[in-house]
Amino acid sequence: MFRLAFLPLILALTSLSARADFVITSGTAQHVNGFLTLSATLNLELGNDASEAINSGIPLLIAVQIRLYKKRNYVWDQQLAQWRINREISFHALSGRYIVRSLTPGKFDSFETLSEAATAAGRLSLHWDISALELTTKHKYDLSLRVFPDFEALPAPLRLAAYLTPTWHLGSDWERWHLGFPQAEAVQ
Amino acid sequence: MIKPVHKLVSPASAAILCVLLLAASFLLTITTQLGALFGGYYTALLIVNVIGIVLLSGFILAALIRLWREFKERTLGSRLTFRFLMTSILLAALPLIVMYYFAVQFLSKGIDSWFDVRIEQALDDALLLGRSSIEAIKTDLIEEVERHALTLSSVTDQLDIVRLLDELREAGQYSEMSLYSINGGIIASSSADALTLLPDAPDASVWSKVRQGQRFSALEPQPSGLRLRVVIPVYGVRISDALRALQILQPMPIRYSQLGESVQLASAEYDKLQYLRGPLKFSFVLTLGLVSLMTLLMAIWIGIFFARRMFAPLRELAEGTRAVAQGNYETQLPVTSTDELGVLVASFNDMTSQINRVQTQVKTSQRETENQRAYLETVLSHLSSGVLSFDAELNLRTYNNAAEQILNVSFASLKNTSTGHLVDRLEWTEPLLGLVTKLEQSERTELQEEIQVFAASGRKTLICRATKLSQDQGLVLVFDDATELIRAQRDAAWGEVARRLAHEIKNPLTPIALSAERIRHKYLHKLEGDNKETLDRATRTIAQQVDAMKEMVNAFSSYAQPVKMQFTLFDLNQLVRDVVELHRADKTPQKKSVFEFNLTLDDDLPIINADPNRLRQVLNNLIINARDAQGAGEKTSLTIESRHRQAENEIELRFIDAGPGFEPGMIERVFEPYATSKEKGTGLGLAIVRRIVDEHTGLVRVSNVASGGAKVLIRLPVNRASDLVDNVCVGRATGSN
């Protein structure tokens, strides 16, 4: 019982050695005929805590947050839109395989190892309609992206530990790319 | 303006806060359970609870600091409030801590009891059984796929392969059967789902195995259930034939899938619970701790609120009592309750009302008494009669200004002094105070006598009346100074005598003198020898005696008749010099030149407004008096001094002779007519001097000089008010030794 009071501290100390992070290794964003095409590779290094939780049957929701900015010269950039894509990694005990479920859009894959599942979950290839935003080549646009584990999707008892334990803080920094207009560039 | 925290938080808002915090605690308790309805708000509720606890702690801390400050400052009621609060906290905290301890123990053991080795083993066995069953199916499938691969190894024609795949798939009831080149390219495929355009190709890890000549088989979970995937390398008949791979996808039977999923879910849920055992305990303990802490804080808060409310009447009562002790009898306290404290406060209000009423009456009586006393003192102070009052023990109680003025004594330091002590201090008051003793010892209630006292200022004639006060409260002595009155009466009597004497004597003197002159003129030259000498001596004697009698009568007239004063401005020094010069020139045989004048005159003497003829008479009388006071032929002197008393604006004249001085007992009577020790003279000289000085509202005083001789002192005002010019004032002549 006494140890319970120090659980967050113990968790923090034991997980410091196995620190891992999510890193956005590459990515491109293009605007083609009113559609946004995003390709990115996310290196999702799950730490011991997250891996152990997945192996214990707790699904881990990985959220990808995307923001589209309109560049401005003298003031801060204007945020035009924001999207969120969720991917869930879970363990299927009977088959012994790791399932990657893309919630938006719906996709279901299973992998033999967790690292394969993480790699698969880190492959982003998205294509969606943003014609409503009416982007023009007169302006410049940036696309920002970050990826992080969604603690609020964890079971309630685990949330506090996740918030208090550094090894659970796997989220990446914001990565920003220029939104290309291949057609316009081709014309030029 | 910023309000203090204890004023900012009203009881209503505190109650609302408590209710909200209780609700938050309740929701937090619910969300702590796995899969609860409000599970998504767990973190938010946790933060709300922590903020609530911090807020509540802040309020309580502020209230406790305020209470502690009052306790240190010994504010009334703070000790009781503090004691009550400490007791409340103790009563609330002790059971809460005990309950918290046992609840944590119970929770911990309860959570541990969820996990049983046998259940875990059963679930593992079930999972193993499921896997074994699936493994058996998979093994059968692999054997089938190997047979199919052998069949396909000799078939190279594309159409034959497609046809063969269709046949084999239908025969084996597979969902999909595909043949791939070793590079992953699709050679042929057959699917049960006609809508499937592309086969579900194996991923890279599968291909790496196949390229190494290994078989791949796996049970794959799918949204619709479980599926078996088997990939087998297909070798050609000829060595040159390219390596190919046959993949068969076969869904597990529904029954198998359902049972397998059920076992899998149960096992997964158990594993999850086992993993969450620690965090779950911590979460429960944390929630329980937060709720317990919040409950304790609420109890303290409520304790503070009720302690203040409960002891507010006592505090007000204590403050009211202190106010009453300090003399504020108008204190009224608000009656806020109908309980015993309310009755106590109401009784206190009644008590202060009654005290205030009585106090007001007492003050009114005191004020009336003070007014009476002030009135009496005013009357007494304005009385010309002296008043002394004595208590039953004959101690001096009160006196008035007139008593001090008449007796020329300050009674301020003699108040509450007994008559015996007064007589010891002021021996000359014995006749006056003896009257008090006499009345006190007699049965009479009133005594009236005329007495004489010899005060420092001279002999006084007092008309006294002593009266006993009712109810044995002492006695009062009233006396009037009749000295001046008696003297005035005596002066008036003497004046009348002088006037009658002058009238009766002066009239026959002229015929006597004329008759004597006629006899002398007619018979002197006719007589011879002794007869002539006798007649001559007789007629001369008659003439001389008539002259003497005339002189005496004129002196009587001067004394008796009021003279019209003629005030003019003149130099008094010059008048003194003139008179002295006249006396120096007087060389009559009996007045020889052995009498010397010493003049010490003030050069700054102002011009005086007075009657010079009357003052000349004063100077003459005093010089003659001084001259007559010495024996014939004796050498003596008279010193005359003048000076200006600026403070009083008076001129002072001093006459100091070198004679024998006044005889004892004469000083008091020296200004009375015929009060003289000389063999000759009318005895009116000094009486006339005093009368003239009185007419000038001046002062004359006589005394003996220690070195021998007499001294006469005269003070005259420099300016005379016009309305007093014609009046003859009562003189202030006094005598002293």
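Student: Where do we start? How many helices and strands are there in chain A?
Tutor: This is a predicted model. Chain A has six helices and nine strands.

Student: And how many in chain B?
Tutor: Chain B has 18 helices and 18 strands.

Student: What share of the residues in chain A is buried?
Tutor: Chain A has 188 residues, and 49% of them are buried.

Student: What about chain B?
Tutor: Chain B has 737 residues, of which 39% count as buried.

Student: Which contacts join residues that are at least 24 apart in chain A?
Tutor: Of the contacts in chain A between residues at least 6 apart in sequence, 65% join residues at least 24 apart. In chain B, residues 24 or more positions apart account for 61% of the contacts with a separation of 6 or more.

Student: On to the interface. How many residues of each chain are in contact?
Tutor: On the side of chain B there are 42 residues, in contact with 32 residues of chain A.

Student: How much area do the two chains bury between them?
Tutor: The size of an interface is often given as the accessible area lost when the parts come together. Here chain B and chain A bury about 2,900 Å² between them, and 69% of that is on carbon and sulfur atoms.

Student: Which residues in chain B lose the most area to chain A?
Tutor: They are B:Pro221, B:Tyr275 and B:Phe282, which together give 24% of what the side of chain B buries.

Student: How many salt bridges are there between the chains?
Tutor: The count between chain B and chain A is two salt bridges. One of the two joins the side chains of A:Arg97 and B:Glu220, at 3.9 Å from N to O.

Student: And how many residue pairs are in polar contact?
Tutor: Five residue pairs across the interface of chain B and chain A are in polar contact, with both residues at pLDDT 80 or more.

Student: Which elements of chain B give residues to that side?
Tutor: Those giving two or more residues include helix 2 (11-32), helix 3 (42-72), strand 3 (216-222) and helix 8 (254-275) of chain B. The largest share, eight residues, comes from helix 9 of chain B.

Student: How do the residues on that side divide into nonpolar, polar and charged?
Tutor: The side of chain B that touches chain A has 21 nonpolar, 13 polar and eight charged residues.

Student: New topic: single residues. Where is A:Thr165, and is it buried or exposed?
Tutor: A:Thr165 is in the loop between helix 5 (156-164) and strand 9 (175-178) of chain A. It counts as buried because its relative accessibility is 1%, under the 20% cut-off.

Student: What does the side chain of A:Thr165 reach?
Tutor: The side chain of A:Thr165 reaches the backbone oxygen of A:Ala161 at 2.4 Å.

Student: Where does B:Thr352 lie?
Tutor: B:Thr352 lies in helix 10 (residues 340-382) of chain B. At 0% relative accessibility, B:Thr352 is counted as buried.

Student: What is B:Thr352 in contact with, leaving aside its neighbours within four places in sequence?
Tutor: The contacts of B:Thr352 are B:Val324, B:Tyr329, B:Thr331 and B:Gln332. With B:Thr331, the side chain of B:Thr352 reaches the backbone oxygen at 3.0 Å.

Student: What about the phi of B:Gln173?
Tutor: Most residues other than glycine have a negative phi. B:Gln173 is not a glycine, yet its phi is positive, about 55°. B:Gln173 sits in the loop between helix 6 (158-172) and strand 1 (176-181) of chain B, and it is exposed, with a relative accessible area of 65%.

Student: And what is the phi of B:Leu394?
Tutor: B:Leu394 has a positive phi of about 65° and is not a glycine either. Its place is the loop between strand 6 (386-390) and strand 7 (396-399) of chain B. B:Leu394 is buried, with a relative accessible area of 10%.

Technical notes. Residues are numbered from 1 along each chain as its sequence is written. Chains are lettered from A and ligands numbered from 1 in the order in which they are written. This is a predicted model: local features need pLDDT of at least 70, side-chain atom pairs count only at pLDDT 80 or more; totals for chains, interfaces and linings use all residues. Side-chain values use heavy atoms; hydrogens and water are left out. Contact means heavy atoms within 4.5 Å. Buried area is the accessible area (1.4 Å probe) that two parts lose on being put together, summed over both. A salt bridge is a side-chain nitrogen of Lys or Arg within 4 Å of a carboxyl oxygen of Asp or Glu. A polar contact is a pair of N or O atoms within 3.5 Å; within protein, one must be able to donate a hydrogen and the other to accept it, and residues adjacent in sequence count only if both atoms are side-chain atoms. Helices (H or I, at least four residues) and strands (E, at least two) are DSSP runs, numbered from the N terminus. Ala, Val, Leu, Ile, Met, Phe, Trp, Tyr, Cys and Pro count as nonpolar, Asp, Glu, Lys and Arg as charged, and the others, Gly among them, as polar. Buried means under 20% relative accessible area, exposed over 50%, partly exposed in between (1.4 Å probe, protein chains only).
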